[in-house]
Amino acid sequence: MTVVNMISFGDEGVAVADEQSSTTIRKYNVSQKLQLLNNSFVYGGSGPADLIKEIYGTLSEQIAVFKKDKGKISLNDAYHLCQKTLIDYKIQLKNQVLSVNLGIGLDDMLTGVLNRNGKKLDESTMQAGRNIMQHLDENTRMDIILGGLREDKFEIYVIDTSYAGAAIARPYSSIGSGADESDKVLSRYVTSLPREKRDKIDKKEGLIKIIEATNASSNLNVGVGGVPSIVYISKDGIKRPDEQKCILASEIVEGLTNNILDKDFAYYAVSRLVFDNE
């Protein structure tokens, strides 16, 4: 249960995520859902927290190998590596679970024939394998969102376990169980802008709106909550306000949303907290 939001201001961008993870009976406000890749890109994930962390670790290793070979890495390169890492992980997981439960591999299931002896699998084994893979698909669904500068423009990519991924054409994107409520806030905002301003959103206003969107998901969606994390990326580098600044920024935006605080004050204060990290 998660929400991770990203928004592009043209040549800069911001990511905001909640920190709640949950099981069938408990919730934990401890998840660090925004991580850095290559100290250049921001990585966020929705799905089983342990798997998201494992994907991040593997991807970080793959990026290190890529840089050692190529010398540098672009956001597009990181996206393709993430795509491959997620696909490979899904295949490995299915192989592992099929082997433990049925003594067969994914290739055996796909062909209906045991590779080791050429024997055709019986229908009961095939059905059991189909049930296992369906259960895995339903319970290990993962969405990954990447953001960073590509040729001086902040771009967003989304990768998931159902369709591999794509670059996002909109100036924002949301993933996770809270994405529906965040999308309402962000889509209303972006739609209200003149077309010529959607590619270069005012960063003070956009920052308020992406925090407002995250607050909206936290207020309404089950499994979304805790202290938000915020990452700001520009040509000057990456800024990550600490926990206290994130709490304050979220509370100021909530006060503005409820008409308790003045708009000019809120815009100034939140900008100082995030863009200036003060």
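Me: How do you know in what order the strands of the open sheet lie, and what is the pairing?

Reply: This is a predicted model, in which local features need pLDDT of at least 70, side-chain atom pairs count only at pLDDT 80 or more, and totals for chains, interfaces and linings use all residues. Residues are numbered from 1 along each chain as its sequence is written, and side-chain values use heavy atoms, with hydrogens and water left out. Strands are DSSP runs of E of at least two residues, and helices are runs of H or I of at least four, both numbered from the N terminus; two strands pair if DSSP finds at least two bridges between them. Five strands form the open sheet in the order 5-6-7-8-9, with antiparallel pairing. Strand 8 (residues 153-160) and strand 9 are joined by two bridges, and Val158 has Ala166 in strand 9 as its bridge partner.

Me: Why is one side of strand 5 and of strand 9 left without a neighbour in the sheet?

Reply: Strand 5 (34-37) and strand 9 (166-167) stand at the edges and each has a single partner strand, so one side of each lacks a neighbour in the sheet.

Me: Why are helix 7 and helix 8 called roughly antiparallel?

Reply: Angles run from 0 to 180 degrees between N-to-C directions, along axes fitted to C-alpha atoms over the stretch in contact; under 35 degrees counts as roughly parallel, over 145 as roughly antiparallel, 65 to 115 as roughly perpendicular and the rest as oblique. Helix 7 (residues 243-257) and helix 8 (residues 263-274) pack at about 165 degrees, with axes 10 Å apart, and are therefore roughly antiparallel.

Me: What makes helix 2 and helix 4 oblique?

Reply: Helix 2 (residues 75-102) and helix 4 (residues 123-139) pack at about 135 degrees, and they are therefore oblique to each other.
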